[in-house]
Amino acid sequence: MKKIEVKNLSKIFGPHPERAIELLEKGKGKDEIFAETRLSVGVDRAGFDVDEGEIVVVMGLSGSGKSTLVRCINRLIEPTAGQVFVDGVEVTALDAKGLRELRLAKMGMVFQNFALFPHRTVLANAEYGLEIKGMDPAERRDRAMRSLDQVGLAGWEDSLPSQLSGGMQQRVGLARALALDPDILLMDEAFSALDPLIRRDMQDELISLQGKVKKTILFISHDLDEALKLGDRIVLMKDGAIVQVGSPEDILTSPANDYVERFVAEVDITKVLTAESVMKKSETVGFLGHDGPRAALRKMKQHGISTLFVLDAQHRLAGLVASEDCAELIGRGERDLAPIVRTDIPCVAPDTPATDLFLTMSGNSCPLAVVDEGGRLKGVVVKGSLLGAIAERGRTQE
Amino acid sequence: MSIPRIPLGVWIETAIDFMVEHFAFATKAFSAVTESVLELLEKAMLAAPAWLLIAVFTLLAWKLSRKRGIGLFTLLGLCLIWNMGLWPATVSTIALVCIATLVAIALGVPLGIASALSQGVYRVVMPVLDVMQTMPAFVYLIPAIPFFGLGKVAAIFSTVVFAMPPAIRLTCLGIRQTPRELVECADAFGSTRWQKLVKLQLPMATPTIMAGVNQTVMLALSMVVIAAMIGAKGLGGEVWKAIQRLQMGHGFEAGIGIVIVAIILDRVLQRVGARQG
C-alpha cells in the first residue's frame with residue numbers, strides 16, 4: 001500500500017514563484033531560472049512514493065533539494081506547486097489545524113543536529129510530542145520511558161542533553177519521535193553529524209529497530225554508503241529534480257545518467273555487489289538418476305567446463321561431479337552418478353556480498369553454487385565472472 | 001521666496017493640549033492612586049528600623065545571588081548610606097525604581113513577545129523604540145507634568161518611557177534567536193503557536209530577557225536624577241538639591257548612594273539571569 005505519495009511537487013524560493021514554475025514547465029534549468037528571475041528552485045517537479053513499511057532514502061549532494069523535499073511532505077516548508085498524500089489524505093490541502101493533527105498522529109521527525117530542547121531533561125524531551133498531544137503526565141512519562149528504553153537510554157532520563165554524547169543525543173531525538181508511535185519517520189540527515197563509527201552503529205540499530213517497529217521511513221542522506229545500507233529504495237536528487245528512483249542495485253548497476261554514475265563511482269563495489277548480481281545462470285546441470293557419466297561428460301565438453309552441478313529429482317542441488325571421476329566411472333562400466341557426487345561443496349545465499357565470495361572462493365578451485373532457501377540452484381559464481389563484474393564496474397566509473 | 005517654517009512644535013503642542021483636555025482627568029486619577037500606593041510602600045519601608053531593612057535586603061541579595069560577596073557588599077554599602085543620613089532618600093528611590101521597573105517589564109515583555117511573533121507589530125514598535133531611546137530624557141518630563149502633575153508619578157511615567165526599550169528589544173531578540181531547527185522541531189511535532197512560545201521560545205529566551213530586565217533597572221536608576229527635576233525626591237532629589245546649592249560633598253554622597261544601589265541590583269539580577277540560562 002502507498003503510504004506517502006508525492007506528485008509533481010515543486011518549491012520555489014522568492015517572490016512571485018509562479019514565474020519559475022512556468023519556466024520549469026518550459027524545460028529550463030535551475031541556473032537559467034535563477035539568472036532570469038532571481039528565483040531559486042528548491043524542488044523541481046518531484047514525484048515518488050513510499051510503500052508502507054519501506055525505508056526510502058532521499059539522496060543527493062548538499063543543495064540538491066533533498067531537505068526541502070522532505071520538509072514539503074510535512075509542510076515545514078510550504079510547497080509552491082504539486083501534491084502530497086499521506087494514507088490517501090491530501091496533506092497539501094489541509095488547514096493549519098488538520099496539519100498539526102496529522103503531524104502529531106502520523107509523522108515523527110528526527111533532525112540532523114538533533115534539535116533537542118536544551119532546557120529540558122532527556123525524559124522531558126522524549127515526552128515533548130505526547131505533551132503537545134495533551135496526554136496526562138503519568139501515561140506520557142511511561143511511554144517516553146519505554147521509547148528511551150527502546151533506543152538504549154534507560155537510566156539517562158534525568159540528564160540534560162548537553163551532558164550526552166552526540167550519538168546519545170540522537171538516540172534521544174529518535175526516542176522523541178518514536179514515543180508518539182507515528183506511522184512515518186522523517187529522518188533528516190539523522191546520522192550525518194555523528195562520527196563514522198557511531199554512525200555505523202546507529203545505522204545498524206535503526207535497521208534492527210525497523211525490524212521490530214516496522215515504520216515507514218523517509219531518510220535523507222548525502223552519503224551513498226548510508227543510502228545503500230539503509231534504503232529499500234533510493235531517490236537520487238540533483239538540482240531539485242529527481243534523477244533516479246530505484247533499489248540500491250539498480251542505482252549501482254544501471255545508473256540512469258552520468259550524474260548518478262559519478263555519484264556511485266566512489267562506492268566500494270565489492271560491498272554492494274551480491275552473489276546474485278555476479279553469478280552466471282547455469283544452463284548446464286546434470287540430473288541424478290537420469291544422466292549417466294557419459295551424458296555428464298558430454299555436457300561438460302559442450303560448455304568447456306571441468307565440473308558439473310547435479311540436481312536431485314526435486315531439482316535441488318545434490319552436489320558436483322568432476323570430469324576425471326566421470327571418466328573413471330565409465331572405465332569401470334558403472335552407470336549411476338551417485339557414488340562420485342561430491343557433497344562437501346561451498347554454497348552461498350543469493351544476497352551474500354561479493355567481499356565474502358572472495359573469502360569462500362580462495363582455496364577452492366571449483367565454482368561456487370548460489371542456492372536459495374529451498375535448496376534450489378540459482379546460479380554459479382566462478383572466479384572469472386566475479387572479477388569480470390567488478391572490472392566492468394570499474395571501467396564504467398572512469 | 002522663502003519656504004514657510006513648518007510649525008511642528010505647534011502641532012505637537014496642540015495635540016498634547018487636546019489630549020490633556022480630554023484625558024487628563026483619567027491620568028490625574030491614575031496618578032492619585034499610584035501616588036498613594038507608592039507612599040504606602042515608602043512609609044511601610046520607613047516604618048521598619050533601618051537596620052532591620054538593611055538586614056532584609058542583605059539576606060535577599062545573598063539568597064538570590066547565592067554569593068556571599070554580594071551579600072557582604074549589600075550590607076556594607078547600605079550601612080554607609082545609612083551612616084551618611086541618606087536612608088529615607090534611598091528607600092524612596094528604591095520604591096520608585098521598583099515600581100517603574102515593574103511597570104516597564106509588565107508592558108515591555110509582552111510587547112517584545114508580540115513584536116517577535118508578528119512582523120507587523122515589529123515594524124511599528126521598532127521605530128517607536130528608536131525615538132524613545134534617542135529623544136533626550138528631559139523632553140519626556142514636560143508632557144508628564146500636565147498629565148500626572150508634579151511629583152513621583154510623573155517621574156515614574158518618564159522613567160518607564162526611558163527604561164522600557166531594552167526590555168522590549170531584548171525580549172524580542174531572545175525569542176527571535178531561538179535556533180531555527182528547534183522551532184522547526186516544535187512545528188514538526190504539531191505544536192500550536194502558544195505551545196511553541198511557552199514550551200520553547202520563552203524558556204530559551206529567558207537569559208536574554210533577564211539581560212533586558214537588568215538594563216531596564218539600570219536605566220531606571222539613571223533616570224532618578226533627571227526625574228528629580230519634576231519632584232521625584234529620593235537620592236536624585238538630593239543630587240538635584242546639591243547642584244542648585246553647589247554642595248559638592250553632598251552631591252557626591254548622594255551620587256555614591258545611587259552607585260551602591262545600582263551595583264547591588266545589577267549583580268543580583270545578573271546572577272539570577274545567569275541561573276536561568
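A polar contact is here a pair of N or O atoms within 3.5 Å, where, within protein, one atom must be able to donate a hydrogen and the other to accept it, and where residues adjacent in sequence count only if both atoms are side-chain atoms. By that rule, seven residue pairs, both members at pLDDT 80 or more, are in polar contact across the interface of chain A and chain B. This is a predicted model, in which local features need pLDDT of at least 70 and side-chain atom pairs count only at pLDDT 80 or more, while totals for chains, interfaces and linings use all residues. Residues are numbered from 1 along each chain as its sequence is written, chains are lettered from A and ligands numbered from 1 in the order in which they are written, and side-chain values use heavy atoms, with hydrogens and water left out.

**Interface of chain A and chain B**

- In terms of contact (heavy atoms within 4.5 Å), 25 residues of chain A meet 16 residues of chain B.
- The buried area, meaning the accessible area (1.4 Å probe) that two parts lose on being put together, summed over both, is about 1,800 Å² between chain A and chain B, and carbon and sulfur atoms give 65% of this area.
- Of the area that chain A buries against chain B, 28% is supplied by A:His119, A:Tyr128 and A:Ile132, which is more than any other three residues supply.
- Two salt bridges are counted between chain A and chain B, each being a side-chain nitrogen of Lys or Arg within 4 Å of a carboxyl oxygen of Asp or Glu.
- A salt bridge joins the side chains of B:Lys199 and A:Glu131, at 2.7 Å from N to O.
- Helices (H or I, at least four residues) and strands (E, at least two) are DSSP runs, numbered from the N terminus, and those of chain A that give two or more residues to the side touching chain B are helix 4 (96-106), strand 6 (107-110), helix 5 (122-133) and helix 7 (166-179).
- Helix 5 of chain A gives the most to that side, with four residues.
- The side of chain A that touches chain B divides into 14 nonpolar, five polar and six charged residues, where Ala, Val, Leu, Ile, Met, Phe, Trp, Tyr, Cys and Pro count as nonpolar, Asp, Glu, Lys and Arg as charged, and the others, Gly among them, as polar.

**Cysteines**

- With a disulfide taken as a pair of cysteine sulfur atoms within 2.5 Å, the structure holds zero disulfides over all chains.
- B:Cys79 is in no disulfide, and the nearest cysteine sulfur, that of B:Cys98, is 19 Å away.
- Residues are called buried under 20% relative accessible area, exposed over 50% and partly exposed in between (1.4 Å probe, protein chains only), so B:Cys79, at 32%, counts as partly exposed.
- B:Cys185 is also in no disulfide, the nearest cysteine sulfur being that of A:Cys72, 18 Å away, and B:Cys185 is buried, with a relative accessible area of 0%.

**Chain B**

- Chain B has eleven helices and zero strands, and its C-alpha atoms fill a box of roughly 70 × 60 × 35 Å along the principal axes.
- Buried residues make up 47% of the 277 residues in chain B.

**Positive phi in chain A**

- A:Lys214, a residue other than glycine, has a positive phi near 55°; A:Lys214 lies in the loop between helix 8 (196-213) and strand 8 (216-221) of chain A and, at 56% relative accessibility, counts as exposed.
- A:Asp239, not a glycine either, has a positive phi of about 50°; A:Asp239 is placed in the loop between strand 9 (233-238) and strand 10 (241-246) of chain A and is partly exposed, with a relative accessible area of 36%.
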